[in-house]
Amino acid sequence: MSSVDKQLEQLQAEIENELPSDITVSDVKYEGPELVVYTRHPKEFAQNGDLIRKLASKLRKRITVRPDPDVLSDPHKAEERIMDVIPEEAGVTDLDFHADTGEVVIEAAKPGMVIGRHGSTLREITKEVGWTPEVVRTPPIESSTVSNVRNFLKQEREERRDILERVGRQIHREEMSKDEWVRITTLGCCREVGRASFVLSTPETRILIDCGDKPGAEDEVPYLHVPEALGAGANTIDAVVLTHAHLDHSALIPLLFKYGYDGPIYCTEPTRDLMGLLTLDYLDVAAKEGRTPPYESEMVREAIKHCIPLEYGDVTDIAPDVKLTFHNAGHILGSAVSHFHIGDGLYNVAFSGDIHYKDTRLFNGAVNDFPRVETLVLESTYGGRNDYQTDQEDSEQSLVDIINETHEKGGKVVIPAFAVGRSQEIMLVLEEAMRSGKIPSMPVHLDGMIWEATAIHTTYPEYLRDDLRDRIFHEDENPFLAEEFNHIDGGEDERQQVTDDGPAIILSTSGMVTGGPIMSWLRHLGSDPESTLVFVGYQAQGTLGRRIQTGWDEIPVSDPNDPGRSSTLALKMDVETVDGFSGHADRSGLMNFVKTMNPRPEKVLCVHGDERSVQDLSSSLYHDFNMRTFAPKNLETFRFK
Ligand SMILES: [Zn+2]
């Protein structure tokens, strides 16, 4: 008998000991980080409201109780009873019964009403029908990504359960080594922006954190093949942790499965969905540009199948000696500061991922409160000593002024924006400005993936800033449903129509004018001196956006009817830049993140910034806070214990 089987047998005995005699346990299993308890008496379990919580704290495990398949009631009858229990205002849109696990997945517009106070309605459901309810939100704006991911996971349910069971046994395997050390190896994003990737290792465990591409330098990928990473075989990696879905952190995650990796990816639920959206688009763009994509779309599906979603604040065993906790990073939807607790109090490391320290319209600022942390691995995108951003309030005023001036001239405002994050932030600024009369009400057209990304945001309001979340919960206050917003889904004809119509604002991808529908908007409006092009995001060196920003007024455009032919367009529209809408903390944000961090770490590794930024930030943190700081290069290994 394996050590895990022995462990499960002991756990079953312990649980039986704690339970009243009328409740029996038929099986216990690990599924990923969770302990699943099967019982012939699910209703009695639910009647003892506190039982699961007590067991969880006694055994120090996350516990799910499921009915033994033998005692399941008929789904048709159960459905009627469930609908009686759930208040009608919850807006249930789907019930899905899974006899293999005794779970019923309830999709509802208002999940909170299905859950009830402290889970009371959920318990009521189990008391009535014996099935274990699980609740998901019906997206307030239809999202093909969310429904594709949900349908795919439903279809792959059985295989997913096998994966979870295998991962669960891996996590709870016996510790083999008596040694105690902790190391971090840098595989990318050191003294550069892009290809984020690290390995955190202990004698027991190897964890890969992020695996991104480098925009504009597609052949520069993380150093995955060193012995510390995949060099010793793809499955010497125990777990992958993804801080957020931006491609410079996620693009090459699916590639790991092509290399034979078969383990879990820990991320938040929105990160999983956004990774699906962005990596599929990444493959699309590569194909359109005539590059050979590094992997096929099948690998994106593999990645999604292996995701184990965690919520902010969940302390989760991901290896025999490592616990992971995600905290809000304030950067994009689902972005997470990832905190690792190693050994039993041996060492603590936090990886910031990308952070925004102050509150924005979309997100609460990044969390920097931890039970313990000795080492911080910190992004440094705007770490240079002059990298200060304009205050959000001033930036918003500038944007409002530009829109009013353009409106008076009778022109249109075109804003190139990234689909995820910045677009939604700008949408909120525009919605508020129109509602309060700072700018006239006019159509705001959303082109490219922006609408789809917005739909994903509204599916996960609990990841948004508190007051925004509350507004989304009330359908009539959901700012993303404002009547001014229009999704461009009719292609060129609709763009021509918008061009011919009156004043409007257009938000379109790509954010750095490197392709996508923004090219079409430039063809339509580029020669109109009354209209204005407004940059609200970072324009990287070498992109068309940067060139226009620095004064180019003749730009190459391709013929929509014959993409092979290109001509030159004389750019006559006004060009403006409004900074301050970045998703990254600026210099003062990064300094304050560390200054107010609780507890203050002993060591900081400054990464994810160009040479000057990481050096500046590293030396300032050392001088101001008297801590040990480093600006590592790629392929360095640090020993911390
Ligand atoms: Zn990012």
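**Exercise 1.** In this predicted model, determine which exposed residues lie on the face of helix H1 turned away from its buried side, and then characterise the buried side itself.

*Solution.* 
Step 1. The face of H1 turned away from the buried side carries Gln10 and Asn17, both exposed, that is, with over 50% relative accessible area.

Step 2. Helix H1 spans residues 3–18, 16 residues in total. From first C-alpha to last it reaches 23 Å, close to the 22 Å expected at 1.5 Å a residue.

Step 3. The buried residues of H1 are Val4, Leu8, Leu11, Gln12 and Ile15. Because these residues cover an arc of only 105 degrees around the axis, they lie on the same side of H1.

Step 4. The packing partners of these buried residues are strands E1 (25–31) and E2 (34–39), together with helices H3 (51–59) and H8 (157–171).

**Exercise 2.** Identify which members of the largest nonpolar core touch the most other members, and state where the largest share of this core comes from.

*Solution.* 
Step 1. The largest nonpolar core holds 82 residues, of which Leu208, Leu399, Ile415, Ile505 and Leu507 touch the most other members.

Step 2. Helix H14 (residues 422–435) supplies the largest share of this core, seven residues.

Step 3. Domain 3 (146–172 + 183–385 + 584–639) and domain 4 (392–577) each contribute at least three residues to this core.

Methods: Residues are numbered from 1 along each chain as its sequence is written. This is a predicted model: local features need pLDDT of at least 70, side-chain atom pairs count only at pLDDT 80 or more; totals for chains, interfaces and linings use all residues. Side-chain values use heavy atoms; hydrogens and water are left out. A nonpolar core is a set of buried Ala, Val, Leu, Ile, Met, Phe, Trp, Tyr and Cys residues joined through side-chain atoms within 4.5 Å. Buried means under 20% relative accessible area, exposed over 50%, partly exposed in between (1.4 Å probe, protein chains only). Helices (H or I, at least four residues) and strands (E, at least two) are DSSP runs, numbered from the N terminus. Domain bounds come from an automatic or database domain assignment. The expected span of a helix is 1.5 Å times one less than its number of residues. The arc is that of the directions from the helix axis to the C-beta atoms. Contact means heavy atoms within 4.5 Å.
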